[in-house]
Protein chains: 2
Amino acid sequence: MGSEDRLLGIGAAAQQAGVSERALRYYQQLGLLAPMCTAGGLRRYSDADLARVAHIRELQTLLGLNLDEIAAVLRDEDRVAEIKAAYHDHRTGAGERRELVRESLAIHATLRAQVQAKRAALDDFLADLDQRLARIADTLADLDAASAD
Amino acid sequence: MGSEDRLLGIGAAAQQAGVSERALRYYQQLGLLAPMCTAGGLRRYSDADLARVAHIRELQTLLGLNLDEIAAVLRDEDRVAEIKAAYHDHRTGAGERRELVRESLAIHATLRAQVQAKRAALDDFLADLDQRLARIADTLADLDAASAD
DNA sequence: TGAATACCTGACGTTGACGTCAGGGTCGAT
DNA sequence: ATCGACCCTGACGTCAACGTCAGGTATTCA
């Protein structure tokens, strides 16, 4: 295939992803990640694994989810991938397929609502900050004008 | 004055603010909060204190700051309030005032940049989600069209 | 083939943000 | 004055998300 199957050891993977080796093992222990293994039992991380780690970190720092909640989100997303696969599988009946796709829609919509809410709150916060900023800028302008007498 | 000076005990204050009594004491211990005290040493919380708690929670859950970082933000904001007071104090020289106001501008701008960055990241996340949603919706539409044969 | 390096699995330690409990003090109404 | 409800200060417990360390294994490269 065209995809370079460069697999990284846990040290290099941790460095690339910007997390500790311990964190990678911990994520795996919680079922968030499942890298390949050599015959001897050494972990091998693909690009997809690294992307998954980035995703985990984003859900952590951006949305403030804990690892259990993140596990749920990832399970949902994996489910969607499964559904996509089943959609192209002729052994899956049409009714069943529709049901699966509906389910994935609901999952994504739920997450979207959460993100949306957070975004709205952030906007409010930003508006508040800008208002304060404007008032402080005014104060400074007044001060400069007064000193121009 | 028109302001009702209704001061709450720690129990009522905790209930109002939606946090535990322990949390209120802890915030105070870290210098995030400084409620009044009765002669006997019982804490009395004003509306301003409750607003401050709300602010603390927002900085925690919305921006993901830890209590040390929040302490820094609050110190900054208190500093701005001081500056405002000094601005109306004739004992403060004009140059000094300008310096203080500039400082408060810088403080707010820094915070604003952080919030802005987070907002941008959230927007990206949302766009990504919407793209996935659209593709899933398409899949569903295809499925419905196919079943209409 | 052997040394250097990277990695493995427990298992105990740490940090932040509180929870919880004991033993005693304070307040407001009766 | 006193009684019950509320509150105080330690001090130890807890939970998530790792950090760290010991004792042994896998891989790689000369």
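**Two chains and a DNA strand**

Three helices each supply at least two residues of the surface near DNA strand D: helix 2 (21–29) and helix 4 (67–87) of chain A, together with helix 1 (10–17) of chain B. Helices here are DSSP runs of H or I with at least four residues, numbered from the N terminus. This is a predicted model, where local features need pLDDT of at least 70, side-chain atom pairs count only at pLDDT 80 or more, and totals for chains, interfaces and linings use all residues. Residues are numbered from 1 along each chain as its sequence is written, while chains are lettered from A and ligands numbered from 1 in the order in which they are written.

**Around the DNA**

- DNA strand D is surrounded by 20 residues, and the closest are A:S20, A:G40, A:N66, B:G9 and B:G11 (near means a C-beta atom, placed from the backbone, within 6 Å).
- That surface splits into eight nonpolar, eight polar and four charged residues; Gly counts as polar here.

**Where the chains meet**

- On chain B, 33 residues are in contact with 33 residues of chain A (C-beta atoms, placed from the backbone, within 7 Å).
- Helix 3 (47–61) and helix 5 (94–147) of chain B each give at least two residues to the side that touches chain A.
- Helix 5 of chain B brings the largest share of that side, 28 residues.
- By type, the side of chain B that touches chain A has 18 nonpolar, seven polar and eight charged residues.

**How the copies relate**

Definitions and conventions. Two residues are in contact if their C-beta atoms, placed from the backbone, lie within 7 Å.
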